[in-house]
Amino acid sequence: MLANTRTEHANVLPGVIGGSGGWPLWVLGVTLVSYVVGLMIRTGVDFSPLVDGWLGLLTVWVPVAVCCLGAWRTKFRRFDVLLASAAVTSFAVGDTYFVLATAGGVALPYPSLADIGFLGFYPLMLGALAVLAMRQIRGLGWLVILDSTVGSLGAAAVLAVLLDPMIKSALDVPGSPATAFAIAYPLFDLLLVSVFVGIGASQGKKIAQGWAFLVLGLVAFAATDVIYASLELNGIYVVGTPLDAGWALGLALIASWVDGEARSDKKKNPSAWSIHVQTVPTIATAASLGVLILGTTQLRISPLAVVPAALTLTLAALPLVFRQRIRIADAHRQARTDDLTGLPNRRAISADVPVRLSADLRRKSALMLLDLDKFKEVNDSLGHDVGDRLLIQVAARLSGQLRPTDLLARVGGDEFVIHLDSSGPDQAEAVALNLRAVLAQPFTLEGITVQASASIGIAIYPEQGEDLTVLMRKADMAMYKAKTTRSGHHIYRNDDDSHGEARLRTLEELRRALREDQLILHYQPKIDLHTGDVCGVEALVRWNHPTRGQLQPDNFIPLVEEGGLMHTMTQIVLEKALDQTAIWHAQGQLLTMAVNISASSLIDTALPERISSMVAARGLSPSVLVLEITEDFLMTDRDRARAILTRLRATGVRIAVDDFGTGYSSLAYLRDLPIDELKLDKSFVMPMAGNPRATALVVSTIDLAHSLGLRMVAEGVENSAAYTDLAVFGCDAAQGFFMSRPVPAAQLDEWFASRQEGPAKAAFKSS
């Protein structure tokens, strides 16, 4: 599951733009600072081509570019990002018309075509906030939604009081376009402030840094609009004053928010501050009460302020009147909701799916069980908090690919259940392919890129079951079949029943095998091609099953991984291999011992110390142990691989890359990681006979290893021609059936003896 690469953390931008990261925000920050400095040092009231022209236009079009880049990062799928980008663009178009007209000496009327662009900003931004609000409301309890509404209305009441003088002034000239536009600006500001206060109240303590950018940007916009409208109505607004920096600041902050949202699927933003969940509704209630009290005095308060203030107090009182019902409804919702992802949970599935199935007994549907592959490695290597963040992002991606009529739930751990309404086998298979493709796109968590994959089991209603229990059982068996065959998804078939039962039975037998010492080791010798001497052996595990006989690793290693038994098995194999090494050393056979180590064992932080202790306890030199590691692990996370291998090398053991050349990987890791030898896979060795290109590839690989100071060991040597050719090519060592198959230690002792009695070391006997 893990395919991790470290990503660079961007530095914090100067000034108010702050650390969302990346060069676009650096450009944004530099442009804003340059414009503010230009406004402060310019002299006179005439149009300045540099400050009012070029810098002024840059401060509106650079945010547009940042927003467009953010929309592109989201593949134009985030409506809130698209609407916010359109809002910023609308303002930029209006500002460009205004600046160009002013530069040409044209005195624009109020309102003008520029005001159309300016005013277009507001409905588009309100649309973005509406999308945010809808997303925020999902999964929230009634009390939280009520608090958000109270916050919105309270903010509207207070802002209406502040805007009342301006609205009255605009109404002094009734019926004119200037009046309509002058009123529209403060009213749109009132709506913006009300909506983002409500969304902020719904977030409670989790006020993220990106959200802070949006809030500050809209506050800057609202404040600048209020001052601008007042000056314009009185005919004293002048281009080029510090007031113009308010819009530039607002646009820059909104663009920063868009940039952060575009990156939110890759990196979780830290909290900027923490507030108590009741802070916003409490302040809103108190402020609304103050507005109503002012209305009882001789001060005349506008109905625009009185109405939201009264509604605020009414809604704030609702929990007192209906507290018990609200609590029961909220508790019922929470009981059916997964705390981590906000999706329905197992209880909701048990209640809802039977109802959905019985709605139309003749209509086909599909139940899908989705399980993330090797999710345990994420928790073990990166921590459970990172695993939780991955699950949240997985849930979001899955939700975005399903229809409103489909049901998605998290039923525990890394398992998700999906009920597809009105879907047969073909539709279900198409959905499974789409979901796997979406999950295959990288996730970035804590600066680490995680490549996820999933296995999906599918059961069709009603052919394969008419109730939830049967469908779940069959989807689970199909999911296991998909996992073991690595097909990605599988639709249940009747013969899958036996596989599911066999898997559970074999897994329990495997646990017993580890307890009762049923694992044995076979050993395959490695021959030094320069001298013909035996230089080492490789330990290969077998399961001596009490009824099925001796089982090869392919028959049980996947179950060891699935059952979380790899740490235990690795410990057993290392102990047996080192015990046998100590015996051979005592007999004068000074051999190295190679042991395969899985990726799930290597993430065990205590492994180096444990290996060092086992080697020392047997009086062996650490250099006799060679740990064979696959290329895949070395490429998944170069930094982690370097740290682990460095610690292992510090104990004195040696590191070999197993199956070298079979992965699609960069050779840069050979330079960067502490490696002692490469094991050339048999898929390169076996085709050499009569194939010049295969031979050239082997020769060049051997030369590459030697140029880097590494030993080269060839696997799969099955005839004398390959053995002789490898020796001529300069390969250091070889193993394969031509010399000996993997055999028990006693049989290998006989092989040692037969070689010593033979006429020449180069004469080998196949066992």
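Good morning. The structure contains an open sheet of five strands, ordered E4-E5-E3-E8-E9, with mixed pairing. Two strands count as paired if DSSP finds at least two bridges between them; helices (H or I, at least four residues) and strands (E, at least two) are DSSP runs numbered from the N terminus. At the edges, pairing on one side only, are E4 (407-412) and E9 (489-491).

This is a predicted model, in which local features need pLDDT of at least 70 and side-chain atom pairs count only at pLDDT 80 or more, while totals for chains, interfaces and linings use all residues. Residues are numbered from 1 along each chain as its sequence is written, and side-chain values use heavy atoms, with hydrogens and water left out.

Within the sheet, E3 (residues 365-372) and E8 (residues 454-461) run antiparallel and are joined by eight bridges. Leu367 stands opposite Ala459 in E8.

I turn now to helix H12. Residues 346-359 form this helix, which lies across E3, E4, E5 (415-420) and E8 and runs at about 145 degrees to E4. Such angles run from 0 to 180 degrees between N-to-C directions, with axes fitted to C-alpha atoms, for helices over the stretch in contact; contact means heavy atoms within 4.5 Å.

Which residues of H12 are buried? They are Ala348, Ile349, Val353 and Leu357, where buried means under 20% relative accessible area (1.4 Å probe, protein chains only). Their cover includes E3, E4, E5, E8 and helix H16 (468-485). An α-helix has 3.6 residues a turn, so residues three or four places apart point the same way.

Methods. Buried < 20%, exposed > 50% of the residue type's maximum accessible area, 1.4 Å probe, protein only.
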